[in-house]
Each structure stands twice: as structure tokens, then as C-alpha cells.
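Here are my notes on this one, written as numbered points. Have the model open while you read, and look each residue up as it comes along.

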Amino acid sequence: MTPDGMKDAAAGLKPVRGPTRREVREARLRRRSMLIAAASTAFVVTLVVGLVPMAPGWERVQKSFFNPDIFAETFPGLLGAFLLDVMIFAWCAPMIAVLGLVIALARDARSPALFPLRLFGTIYNDVFRGVPVILVIYLVGFGIPGLGLPRPWNSPYIWGTVAVVLTYSAYVAEVYRTGIESIHESQRAAATSLGLSHWDTMRYVILPQAIRRVIPANMNLLIALQKDVALLSFIGPVEILRQAGVYKSIHANFTPYLGAALIFLAVTVPATRAVDRMIARQNKARS
């Protein structure tokens, strides 16, 4: 023990431990990695910023996509139209969560008498995961109002919502099913030995764990949903994508589309980072 350490021990203080050789080496590697990452990023950014303006059509692209006057004029209107996207997302998300869970439970039905229910869940997922969402929106949004339904049942908001809910419920159901199947069979057996029925086992044992495990995956689907509600503009609602198209026609310029993209990024990038942190926390808890 060093003289200083003996003094600290005599004074009842814990000796201050210096970094180990491994910690010093790991810190040196982290600094080196950060320097390499910063240098490579600066090189790529410099390359892009330096080379893109040298393209022969850069002035034309700059005028068509990066007009500051048109951006300032149209941006407030785009923000107002984006509120409609948020509203559609807000009423679609709960319906997707509930319908997706119902479909997942139908696919998990194990009783022979419930085989038709399981078959329905399988066909539902195969159909709506196999057809692009824009096609479902066209088929439902134009097909069902074509039956001659009276107002308000021919509204594109209603049938556009139905199309989005039907499609995304299939994806969410598969995510739920993955979480359900990740729970070990021994837990079902233990619940059965305690006298719980199948549905009580799902309610009190399986689902609380399964839903918690698939939260990050479902958050990713919610981010995708936030973008895909813009597809409803193809059947009528004047949300941000349609509004950007209107401004583009008025000004004969694509800058409003850039404003719409920035608004989407302002919402989706923080949400994506939050999902990343959630996944990292979940992985850390499992390790």
C-alpha cells in the first residue's frame, strides 16, 4: 500500500482506484473510433457539397426544389394540412392495435373447434400483407362508395381509414403473434396446471409479457403508418401530400414537396430515435 493509501485507510477513507489497463485501452479505442467517424463523415459531406453544385443541371434543380420564397409562402399551409394527417393517424392507431390483437388471437386458437377462426386469421394476414397498401386504398376507397351509399357513408375519410386499418392490422397481428410465440410453452403448462382456462392464460400470463416484448416493433409500424396516411390523398382528402401537390401546380415548382418532407422528418426522426433507445434498453435488460 502506498503512503497516501495508508493515510486514507487510517482516516477511514476508501482508496481512490485509478483506471485499469483495460479501461485505458477501451477509452483509447473509443477516441480513435470517434475521430475516424468524424473524419469520414466530414469527407463525405465535403464531397457531396462540393460535387453536387458542379452537376450541369444543378441551377435548374436548385430553382425547382429550393426556392426560399415559395417555401416561406407555402410552409404554413402545409403545416395546417399536416394536422389532418395527425388526426387520421390518431383514430387509425387504436383501431389497428385492437384489430391486430384480435387477429393474432384468432391465429393462436388451438382448439380443433376453432380451426375456422384460425383459418380466417391466416387468410386475412396473407391477403392484406400480400397487397400493397395503395391498392387496398384504391379498391376500398373507390369500390365501396361506388355501391351508391348515401352520405356520410360514401366519405373517403371513412373508407380510406378502413383500408389503412385493414392493411396495418395484418402487420401488427404478425408482430403480436411473434411476441405470443416467444413465451415459453412451460408457462402455458404451468398456468394450465393451476386450473386457468386458455383465455385466462392468455389474459393473465401470455399477453402481458408478449405485448411488452413487441412494443419496439409496433412502434416501428406506427412510424410507417404516420407516413402512409398520406396515401389517402389519392382518394380525396386534402392532407399534406395533396396540399403540396396543389401548391406545386399553383407555383409550377416542387419546393412545397420539400417542405412536406421536412415536416414528416420533424415527426418521424425523433420517433425513430426513441424506438432505437427503447430497443437498446430492452436488449440491455435481456443481456
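1. Start where helix 4 meets helix 5: Leu99, Ile103, Ala106 and Arg107 in helix 4 touch Leu117, Arg118, Phe120, Gly121, Thr122, Tyr124 and Asn125 in helix 5. Contact here means heavy atoms within 4.5 Å. By class, this contact has six nonpolar, three polar and two charged residues. For the classes, Ala, Val, Leu, Ile, Met, Phe, Trp, Tyr, Cys and Pro are nonpolar, Asp, Glu, Lys and Arg are charged, and the others, Gly among them, are polar.

2. Before going on, keep in mind that this is a predicted model, where local features need pLDDT of at least 70 and side-chain atom pairs count only at pLDDT 80 or more, while totals for chains, interfaces and linings use all residues. Residues are numbered from 1 along each chain as its sequence is written, and side-chain values use heavy atoms, with hydrogens and water left out.

3. How do helix 4 and helix 5 pack? Helix 4 covers residues 68-107 and helix 5 covers residues 115-130, and they pack at an angle of about 125° with their axes 7 Å apart. That makes helix 4 oblique to helix 5. Angles under 35 degrees count as roughly parallel, over 145 as roughly antiparallel, 65 to 115 as roughly perpendicular and the rest as oblique. The axes are lines fitted to C-alpha atoms, for helices over the stretch in contact, and the angles run from 0 to 180 degrees between N-to-C directions. Helices are DSSP runs (H or I, at least four residues), numbered from the N terminus.

4. The crossing of helix 4 and helix 5 is left-handed, meaning that the near helix is turned anticlockwise from the far one by less than a right angle; clockwise would be right-handed.

5. Now zoom in on Arg107, which sits in helix 4. Is Arg107 buried or exposed? Arg107 is buried, with a relative accessible area of 17%. The cut-offs are under 20% for buried and over 50% for exposed, with partly exposed in between (1.4 Å probe, protein chains only). Leaving aside neighbours within four places in sequence, Arg107 contacts Arg118, Gly121, Thr122, Asn125, Glu174 and Arg177.

6. From helix 5, the contact uses Tyr124, Asn125, Phe128 and Arg129, and the helix 7 side includes Val165, Leu166 and Glu174.

7. What about helix 6 and helix 7? Their axes come within 8 Å and cross at roughly 140°. That makes helix 6 oblique to helix 7, and this crossing is right-handed. Val133, Val136, Ile137, Val140 and Gly141 in helix 6 meet Trp159, Val162, Ala163, Val164 and Thr167 in helix 7. Here the classes come out as eight nonpolar, two polar and no charged residues.

8. Finally, the core. The largest nonpolar core has 40 residues, and Cys92, Ile96, Ile137, Val164, Ile180 and Leu225 have the most contacts inside it. A nonpolar core is a set of buried Ala, Val, Leu, Ile, Met, Phe, Trp, Tyr and Cys residues joined through side-chain atoms within 4.5 Å. Helix 7 gives the largest share of this core, 11 residues.

Notes:
Helix = DSSP H or I, 4+ residues; strand = E, 2+ residues; numbered from the N terminus.
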